[in-house]
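Here is a short note to read beside the model. Keep the structure open and find each residue as you go.

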Amino acid sequence: MHREQHQSSRKMIFLTLWIVISVILLPLFHSGSAEAAAKGGSVFVIPIDQEIEQGLGRFMERGFAEAAESKAGLILLDINTPGGRVDTADKLGKLIKDSPIPTVAYIRGEAASAGSYIALSANKIVMKPGSIIGAAALVDSKGQAVTDPKIIAWWKSSMASAAESGGRNPDIARGMVDSQIAVAIPELNFNKEKGQIISLTSEEALKLGYADHIASSEQEVIQWMGYSTDDVFYVKQTSAEKAAEILTNPIVQTLLLFIGIAGVVIELLVPGFGVPGILGILGFGLYFFGNYIAGFAGSETWLLFIIGLALLILEMFIPSFGILGILGSVSLVAGVVRAAYDMQHAFISLGIAFVAAVVVVAIIAIVFKDRGIWNRFVLKESLTADQGFSSVVNREMLLGQRGVSLTPLRPAGTVLIADERIDVVTNGEFIATDTPIIVSKVEGGRIVVKTDTSV
C-alpha cells in the first residue's frame with residue numbers, strides 16, 4: 001500500500017513538472033516559430049492605383065527587380081484600378097507568374113478589366129470589404145465595346161487560364177469578359193444570363209474562391225501571409241515616372257507635338273523671335289522624354305527626329321527639288337511614330353497636331369509677312385533714279401556744252417567735248433568733221449547735238 005502511494009506521488013510530481021515546463025516553454029517555442037516565419041524576408045508593396053498602361057509596366061518591372069535584388073520574401077500588389085491596356089496587363093501577368101517571389105494581390109478598391117487579370121495572376125487574392133473584382137469586358141479608347149470575336153476569344157481564354165492556374169472556376173472568369181455566354185453560379189443562387197457581365201463583391205468572391213481572404217488593411221494581409229509588418233518597403237514612382245505618366249497621355253502628346261511643330265516652323269519661317277523656337281524644341285523634347293521614360297522610345301527615335309529636322313532646314317537653303325524635304329519629313333514622322341506606344345494613336349496625334357500647326361503658322365506668316373524668311377529671296381525695292389539706281393550714266397550735265405565733231409555726223413558720230421570723246425546724234429542734219437557743235441538735248445544715254453552757229 002505504501003509502495004503504491006509512493007509511485008502515485010512520483011507520477012504527480014512528474015505530471016506537475018511537465019505542466020510547469022509546458023506552460024513556460026510553449027510560448028517560447030511558439031514565439032520562435034513566429035519569428036522564423038517572419039524571417040522569410042522583407043515585404044515589397046507595389047501600388048497599382050492608376051490606369052494600366054506601359055508606364056505602369058515599367059514601374060512594376062522596376063519594383064519586381066528591386067524586390068529580387070533585396071531578396072524579398074513577399075510582393076504585395078495594392079490594386080485599385082479601373083483597368084487599361086490588356087496587352088500591358090498580359091505582360092504584367094507573365095511578370096507576376098514568372099517571379100520567384102510569392103505574390104499576393106490586395107484589392108482595396110476595384111480590380112476591373114485588366115486589373116482583374118493582374119489580380120488573378122498572383123498567388124493569392126485578398127480583398128478589402130466593399131471592393132470588387134471583374135467587369136473585364138473589352139472596350140476601345142472611345143469607351144465603345146470591342147466586338148472583334150478573335151480579340152474577345154483571346155482575352156477570354158487569358159482570363160480563364162489565369163483563374164485556372166489559381167484553382168478557380170474558369171467559367172466565372174469567362175463570364176467577366178463575354179456578355180454573350182451564360183454561366184451558372186449555384187454558390188450564389190444566381191445564373192448569369194446573356195447580356196450580363198460578372199462583377200463580384202469581396203464576400204461573393206470569397207464564396208466562389210476568387211478571394212482567399214478578406215482583410216481591412218495591408219498589415220492584416222501581410223500578417224495573414226505569415227510575414228512581419230516591421231520590414232515593409234513601399235515602392236514609389238520617381239518624379240520622372242510621374243512626369244512620364246502625364247506626358248504619355250494622348251491629349252498631352254498631341255499638344256506637345258502641336259507646340260513642337262508650330263514653334264520650330266515659325267522660328268524657321270519668321271526668325272528673330274526666339275521664343276517659338278525654344279517652345280518648339282521644348283515640346284518635342286518633352287514628347288520624347290515622356291515616351292523614353294515610359295519605355296516606348298529608344299535612342300534611335302531621337303536620332304531619326306534630329307536627322308529629319310536637319311534635312312528640313314537644309315531644304316530651305318539648298319535647292320534639292322524637294323528630295324531633302326521628303327527625306328526629312330519621312331525621318332521626322334518615323335521618329336515621332338516609333339517613340340509612341342501605339343502607332344495608330346501616334347498617327348492620329350501627329351495628324352491633329354500638324355493641321356493645327358499649319359493654321360497657326362499661316363496666321364503668323366500673314367501677320368508678320370514683312371519679317372518672313374521669304375523676303376530674303378524676293379526683290380522688294382524698285383531700282384529707281386530717285387534711289388540712285390540707273391542702268392545708264394546720267395549725262396544731263398552736257399546740256400548746252402560746246403565741242404567739235406571728230407567724225408562726220410550722219411546723223412551719228414563722235415564729238416569732243418572738254419577733252420572727252422562722246423558718241424552723239426543729230427536731228428537728221430549732216431555735220432562734217434571739225435565742225436563746232438553744241439549739245440541741244442539729253443535723253444538718258446542719247447545725246448543730241450547741232451551745229452554751233454555762234455562761232
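1. R402 is partly exposed, at 48% relative accessibility. The term covers the range between buried (under 20% relative accessible area) and exposed (over 50%), with a 1.4 Å probe and protein chains only. The model is predicted: local features need pLDDT of at least 70, side-chain atom pairs count only at pLDDT 80 or more, and totals for chains, interfaces and linings use all residues. Residues are numbered from 1 along each chain as its sequence is written, and side-chain values use heavy atoms, with hydrogens and water left out.

2. Which residue does R402 meet in a salt bridge? The partner is D452, at 2.9 Å from N to O. R402 lies in strand β11 (residues 402-405) and D452 in the segment after β15 (446-451), so the pair ties together parts 50 residues apart in sequence. D452 is buried, at 8% relative accessibility. A salt bridge here means a side-chain nitrogen of Lys or Arg within 4 Å of a carboxyl oxygen of Asp or Glu. Helices (H or I, at least four residues) and strands (E, at least two) are DSSP runs, numbered from the N terminus.

3. By the salt-bridge rule, the count is ten. Another of these pairs is R168 with D212, whose closest N and O atoms are 2.9 Å apart. This pair links distant parts of the chain, 44 residues apart. R168 sits in the loop between α5 (149-165) and α6 (170-177), and D212 in the loop between α7 (202-208) and β9 (213-214). Is R168 buried or exposed? R168 is buried, at 5% relative accessibility. D212 is partly exposed, at 29%.

4. Look next at K441, E443 and R446, which are linked in a network of salt bridges. Between E443 and K441, the closest N and O atoms are 4.0 Å apart. E443 is partly exposed, with a relative accessible area of 39%. K441 is also partly exposed, at 38%.

5. Now the sheet. Strands of a sheet pair through backbone hydrogen bonds, either parallel or antiparallel. Here five strands form an open sheet in the order β13-β12-β11-β14-β15, with antiparallel pairing. β13 (420-424) and β15 stand at the edges with a single partner strand each, so one side of each has no neighbour in the sheet. Neighbouring strands are turned by 45° against each other on average, direction ignored. The axes behind such angles are lines fitted to C-alpha atoms, for helices over the stretch in contact, and angles run from 0 to 180 degrees between N-to-C directions.

6. How many bridges join β11 to β12 (residues 413-417)? There are two, and these strands run antiparallel. Two strands pair if DSSP finds at least two bridges between them. V404 stands opposite L416 in β12.

7. A nonpolar patch lies on the surface, with about 880 Å² of accessible area together. Its residues include L255, L279, F289 and W302. Patch residues have over 30% relative accessible area and no salt bridge; like charges are joined within 9 Å, nonpolar side chains (Val, Leu, Ile, Met, Phe, Trp, Tyr) within 5 Å. Areas come from the Shrake-Rupley method with a 1.4 Å probe; for residues, only the protein chains shown count as cover.

8. Which helix supplies the largest share of the nonpolar patch? It is α11, with six residues. α10 (250-269), α11 (275-293) and α12 (299-315) each supply at least two. L279 is found in α11 and is partly exposed, at 42%.
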